[in-house]
Amino acid sequence: MSVVSRLDTIATVGRDPSSGGYRRLAWTDADLTLREWFASEASSLGLDVETDRNGNIWAWWGDPSSGDAVVTGSHLDSVPDGGNYDGPLGVASALDAVGELQRRGVQPRRPLAVACFTDEEGGRFGVACIGSRLATGVLTPERALALRDVDGVTFAEALTRAGRDPHALGAESERLKRISAFVELHVEQGRGLIDLGHAVAVGTAILPHGRWRIDIGGQPNHAGTTRMADRRDPMVVFARLVLAAQAEASARDIPTRAARATIGKVSCTPNAVNAVPAHVTGWLDARAEDEETLDALLEAIARDIATPGITVTVTEESRTPAQYFDVTLSEHVAGLMPGTPLLATGAGHDAGVLAEAGVPSAMLFVRNPTGISHSPEERAEDADCETGGQALADVLADLLTADTLPR
Ligand code: HGY
Ligand code: MN
Ligand code: MN
């Protein structure tokens, strides 16, 4: 096997033939198929597979109860019409690395797990990193169970349909305490590695980011008989929201300091061609170099769209502070690959959630030749995928056989 051949075995799962993108939303049939694939692949490597109370899957090489574990892995779910690399590349690379270590005859001094965290994208229920956030306790079971997808299906109902106990959810502090190092490999989701001319980088930090639901209420009315001056049209304010997000982020997004704002999801009620809408909801994804810039960006956008006679309600759905990977572990990992660049990212990851909870975490990024991600066009060159897999195997071999782990 190789990293690419493992990815190829799931290349048809959840793929939409019209867009070429992947629809692997959490707890849907495509996700369940991938979970079965992972369990089968892990079992064929002789790993012991368990699923924790939050649905995260752990495939163990060694006895987890002995602690001081090294964990690697990523996620299998996607955004709607996402690519086949965001998440699965980290899982396939982790499986391939275990196979490589077994071929090398590596004798681990501590347990290793390959983990698949559930619902990292939040593509169905709106909150990012649900599986890892439930495990660290930053997301409460009560809030998670009340989340609904666009069809009104609650997270609890989705879990039940998948044969999971929705009332088992909760923090896993004892499990996390037994992890001494978590290393996640992930496809790079921007141009960072293209510009650096390297196949692999070591992560340093994840920028602050979040998601806000913006509800805009107006006066539903007849499209043909309502004079323009008499309208209170929420769609007009939504249009201003899109332009304000673009203008305010662009004004702050400079080469040395990031600021990003995206409106990628919208709903309209009643959504009729010949009716001035009653209500329009837009979802804002905003990210910035630091919390102050992120707050200023949000305030500016809210200020820009305030309109007499129109109600605007901003609800924070998910917010992640700046997350910093463990410096000692990351420097150790980088030291194993001399010349490997260090790279911060604007993309969220489970490794960031674990790092925020105090689990020593590091990331490896694999070059994305176009920088395009969250898109059917997302890809990584086969050679870079294998280079990343070998790098991960070398890092894991070092961590599994070291007398003590970097502290
Ligand atoms: O949205 C993100 O930053 C990540 O891809 N979940
Ligand atoms: Mn991802
Ligand atoms: Mn993603």
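A residue is called buried when its relative accessible area is under 20%, exposed when it is over 50%, and partly exposed in between (1.4 Å probe, protein chains only). The model is predicted, so local features need pLDDT of at least 70 and side-chain atom pairs count only at pLDDT 80 or more, while totals for chains, interfaces and linings use all residues. Residues are numbered from 1 along each chain as its sequence is written, and side-chain values use heavy atoms, without hydrogens and water.

**First stop: aromatic rings**

Select Trp58 and Phe117, which are both buried. Rings of Phe, Tyr and Trp (its six-membered ring) pair if their centres lie within 6.5 Å; planes under 30 degrees apart are stacked, over 60 edge-to-face, and the rest tilted. Four aromatic pairs are counted by this rule. Trp58 and Trp60 are stacked, at 6.2 Å centre to centre and 10 degrees between the planes. The ring centres of Trp58 and Phe117 are 5.6 Å apart with planes at 80 degrees, so this pair is edge-to-face.

**Second stop: manganese**

Next, select the manganese ion (ligand 2), which is coordinated by His75 (NE2), Asp86 (OD) and His186 (NE2), at 2.1 to 2.2 Å. Donors are N, O and S atoms within 2.8 Å of the metal (3.2 Å for Na, K and Ca); water is not among the atoms, so sites may look incomplete. Now display the manganese ion (ligand 3): the two ions, ligand 2 and ligand 3, are 3.5 Å apart, and Asp86 coordinates both. His75 and Asp86 are both buried.

Conventions
Chains lettered and ligands numbered in written order.
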